[in-house]
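Good morning, everyone, and thank you for making the time.

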2 protein chains.
Amino acid sequence: MRGEALAEQAYVALRDAILGHELPPGTRLSVPDIAQRLGISRSPAREAIARIAYEGLAQVGPHRGAVVSDIRAEDLLEIYSLREVLEGLACRLASQRLEEPDVARLRSILDEHRHAVDTGDVARHYELDQAFHAAIRELTRNNRLIESLDRLQGQIRVAMYTTRRSPGGTPQALSEHWVIFEALTSADPDRAERAGRAHISRLLRDLEHSVHGVHGKEKPP
Amino acid sequence: MRGEALAEQAYVALRDAILGHELPPGTRLSVPDIAQRLGISRSPAREAIARIAYEGLAQVGPHRGAVVSDIRAEDLLEIYSLREVLEGLACRLASQRLEEPDVARLRSILDEHRHAVDTGDVARHYELDQAFHAAIRELTRNNRLIESLDRLQGQIRVAMYTTRRSPGGTPQALSEHWVIFEALTSADPDRAERAGRAHISRLLRDLEHSVHGVHGKEKPP
DNA sequence: CTCGTTGACTTTGTATACAACATGTAGCAC
DNA sequence: GTGCTACATGTTGTATACAAAGTCAACGAG
């Protein structure tokens, strides 16, 4: 009846729940609990949790179970350092494999993104920001690179629970995406890499400022 | 009696066997077989295989078990593209965190490496080549970067089974390591990154030549 | 002789049973 | 009242049982 394996379904359900902030960082992921909640046995539940942990979305200790990762500013520094060079490489490779339909697709994402920014639709804004980067990394055809960036993207999303503000959430991201788009279509891989890298580098610098600067900036009303 | 968890031991044993070329690419990793061979139950054996697969050292299909990955030249192109930027980042970060003991350690590795090259000890040569890169990436303190490079290193090692020649196996690697060492100690992160990146970039170009050039170069006597 | 089919065997995926370990609480000594 | 111990409970890690699916070989039809 069901399409795939039980463990796979459980993994997807868990992942969606964590990425959707239904399971906040620090939540215990106990095998019996997950199994009962999804109506499955412990074996696939255990396997799903293990996969979640491999992706960095949960942390496990011996005999102590798993908890949803609490990814803090310090980790984000790590993540964005990595992402800077990976995103640069992605743009370089994408620029070398870019076909006409790909250009059209990227342009349509950017147009929609523009619309979302103009109308103040922040959810769609965030979604299209990610879609732009996802489209670029798919173009690289480098599966290991794609997987690495996917993993980082997931961790960033989890981190957004604690650090409430999205790093790419400013309208500035859109204009930088246009710079990347121009670089990608310029048939200059070096320029493409620099553009992609600069984009993430700027986000990283913003992050460093907000970490080193006002430390406890969040102010309850 | 035993130190750690059974699944952990099984994972390490499997990993060592694959990396040591005792289990050549294409070998089927059946759960009952592994379990019996290691004298454990199927549960930890299954978990160990899953972890191996997650590291890219084996590939799994639904209901079809796992086989040791056959990593070919095509995959190595992917791997080295990634590694180029990651190794560059590692050198950049390492140069920013370099302390005096670290410098001494790197120098001692290079000295031993020189000795291995002079005496023609290829096994030790390869070992010290890896040790140099491992030392650098440990210096970064970026766990995600370290893990990524470790993973790639493992896959490269598996690939060496099919592509008999080691990409870093030339004495040229040693001289390039010295260039990296100089760059690391120059307190110039940009230069360090360029040096690390250039090193892998050269290996990647060699690979591309041997792939595009003489395609079936191996010649039986 | 070639190709398709059937059937037995093996393996995977899932469910469940059991021991070791961790955690938290109640009770007791001081 | 405070701190420690012992126990009770729940969870993890491991072992095993069972159904579904895949693989392979022998067999028979054409």
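Predicted model: local features only at pLDDT ≥ 70, side-chain atom pairs only at ≥ 80, totals over all residues.

Let me begin with helix H5 of chain A, which covers residues 100–119, and which reaches 29 Å from its first C-alpha to its last, close to the 28 Å expected for its 20 residues at 1.5 Å a residue. Which residues of H5(A) are buried? They are A:Val103, A:Leu106, A:Ile109, A:Leu110, A:His113 and A:Ala116, and because they cover an arc of only 145° around the axis, they lie on the same side of H5(A). In general, an α-helix has 3.6 residues a turn, so residues three or four places apart point the same way.

What do these buried residues pack against? Their partners are helix H6 (122–139) and helix H8 (172–184), again in chain A. The face of H5(A) turned away from the buried side, on the other hand, carries exposed residues, namely A:Glu100, A:Pro101, A:His115, A:Asp118 and A:Thr119. After H5(A) comes A:Gly120, which has a positive phi, near 70°.

Turning now to the sheet, you will find three strands of chain A that form an open sheet with antiparallel pairing, in the order S1-S3-S2. The edge strands, each pairing on one side only, are S1 (28–29) and S2 (58–61).

Notes: Residues numbered from 1 in each chain as written. Chains lettered and ligands numbered in written order. Heavy atoms only, no water. Helix = DSSP H or I, 4+ residues; strand = E, 2+ residues; numbered from the N terminus. Expected span 1.5 Å × (residues − 1). Buried < 20%, exposed > 50% of the residue type's maximum accessible area, 1.4 Å probe, protein only. Arc of directions from axis to C-beta. Contact = heavy atoms within 4.5 Å. Pairing = 2+ DSSP bridges.
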